[in-house]
Amino acid sequence: MKILLIILFVLLALVLVVLGGYLLTGWALYRFSLSRQGKLKRGIEIKNKCELEKRPEIEKYFNKDDFKKLTITSTDDLKLYGFYKDSNKDRLAILVHGYGGSHTDMYSIAQLFEERDYDILSFDQRAHGESEGEGLSMGLYEHRDLLLWINKMLELKPNYKIVLFGISMGASTVCMALGENLPNNVICGIEDCGYDNANNEFIHVYSKSKIKSRFIYNIFYNYTKNTKGLDLKKVDACDYLRKSKLPMLFIHGDLDDFVPTKMVYNLYNCLPEQRRQLYIAKDAKHTRSIDVNLTEYKRQLFTYLDKYYM
C-alpha cells in the first residue's frame, strides 16, 4: 500500500511538472508574440525607431500644429490615440499601421493621400505607440477599434467620404472591418501586404524563427486560445472579406518573406472580379512596395481612387 501511494505521488508530481512546464512555455511564447513588450514586436519597434531617427521630417510632419490629437475609448475600456489633420476636405483617409508600428509609419501614405486632397487620420493601434493595451489580437479587437474611429470621424464631419488603408497587420484589420456593417460613408478599402489568417501567419513566422517545432507552436496556440480567449484560427480576414460589399485594392511585394505573397491571392479571391484590383510590386519585400517603385505604387493607388470617385 505504501509503495502504491509513493507511485501515485510520483505520477501526480510528474503531471504537475508537465502541466506547469506547458503553461510556462505557453505564457513565454504568448509574451514573445502578442504582448506589448514582446520580443518579436520590440524588434520591429527598434528597427522603426532607427528609421525615424534617420528621417526627422516624419516626426516633424505629425508634430505640426495642423495635426490634432484625438482619443477614443475601446469597448474594453482602453484609451486609444489618433492624429488627425483637418484640411477642410470632404474626403478622409483612415490609415492603419502594422504589427510593431505606430501612426508615424503611415507618413509616406499620408503624403500621397494629401496630394489627392484628403484629410488624414493615422492612429496608434492598441498596445502600440501612445495607445493603451497590453496585448494584441492580430486584427480581431483592432478592427472593432477601427469601427469606433470611423464613428468618431463621422461625429466630426457627417458627410465624409472615407477610404480605409492598412499595412501588414493593419491591412488585415481593414479587411476584417470591411466585412462589418459599415456606414455608407465608407467607400472602399486598400490593403498592403496583409495576411489571410493570423494562425497561418504565426505558423509561417515561427517556421522562420529559432522556434521551428510545430509542437512548440501548438503550445502557444492552445495557451492563447484557452487562457486569453483568442483563437488565432478564427482571426480570418478572408471570412470577413467574403461578407464585404465594398471594393478593395490588394497590394503585395513579390519578395515578401514575412507575410508570404501567396496570402494576397487568398484575400483577392474573396471578392468578385468587379470589386477587386491587384498590384504585385516587383522586387519588393514586406511593406516595401512603395519604396521600390513609388511611381507605379502611386499610379496604382490613384487609378483605383479615380475609379471610385475618391
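How much space lies in the largest cavity? The legends below concern a predicted model, and the first view answers this question.

**View 1. The largest cavity and its lining residues**. The largest cavity holds about 70 Å³ of space, and the count of cavities of 30 Å³ or more comes to one. Its lining is formed by Leu40, Tyr99, Met138, Ser168, Met169, Tyr195, Glu201, Phe202, Val205, Phe258 and Val259. Sorted by class, these are nine nonpolar residues, one polar residue and one charged residue. Helix H7, spanning residues 198-208, gives the most to this lining, contributing three residues.

**View 2. Met138 within the largest nonpolar core**. This core comprises 61 residues, of which Ile94, Met138, Leu164 and Leu232 touch the most other members. Leaving aside residues up to four places away in sequence, Met138 touches Leu34, Tyr99, Met169, Met176, Tyr195, Ala198, Phe202, Leu232 and Val235.

**View 3. Cysteine residues Cys175 and Cys50**. The structure holds zero disulfides. Cys175 is in no disulfide, and the nearest cysteine sulfur, that of Cys238, is 8.0 Å away, whereas a disulfide requires sulfur atoms within 2.5 Å. Cys175 has a relative accessible area of 0% and is therefore buried. Cys50, at 38% relative accessibility, counts as partly exposed, because that class lies between the 20% limit for buried and the 50% limit for exposed residues.

How values were computed: Residues are numbered from 1 along each chain as its sequence is written. This is a predicted model: local features need pLDDT of at least 70, side-chain atom pairs count only at pLDDT 80 or more; totals for chains, interfaces and linings use all residues. Side-chain values use heavy atoms; hydrogens and water are left out. Buried means under 20% relative accessible area, exposed over 50%, partly exposed in between (1.4 Å probe, protein chains only). A nonpolar core is a set of buried Ala, Val, Leu, Ile, Met, Phe, Trp, Tyr and Cys residues joined through side-chain atoms within 4.5 Å. Contact means heavy atoms within 4.5 Å. On a 1 Å grid over the protein atoms alone, a cavity is a set of points where a 1.4 Å probe fits but cannot get out, and a pocket is an open set with protein on both sides within 12 Å along at least five of seven lines; lining residues have an atom within 4 Å of a point. Grid points are joined across faces, edges and corners, and a volume is the space filled by probe spheres set on the points. Helices (H or I, at least four residues) and strands (E, at least two) are DSSP runs, numbered from the N terminus. Ala, Val, Leu, Ile, Met, Phe, Trp, Tyr, Cys and Pro count as nonpolar, Asp, Glu, Lys and Arg as charged, and the others, Gly among them, as polar.
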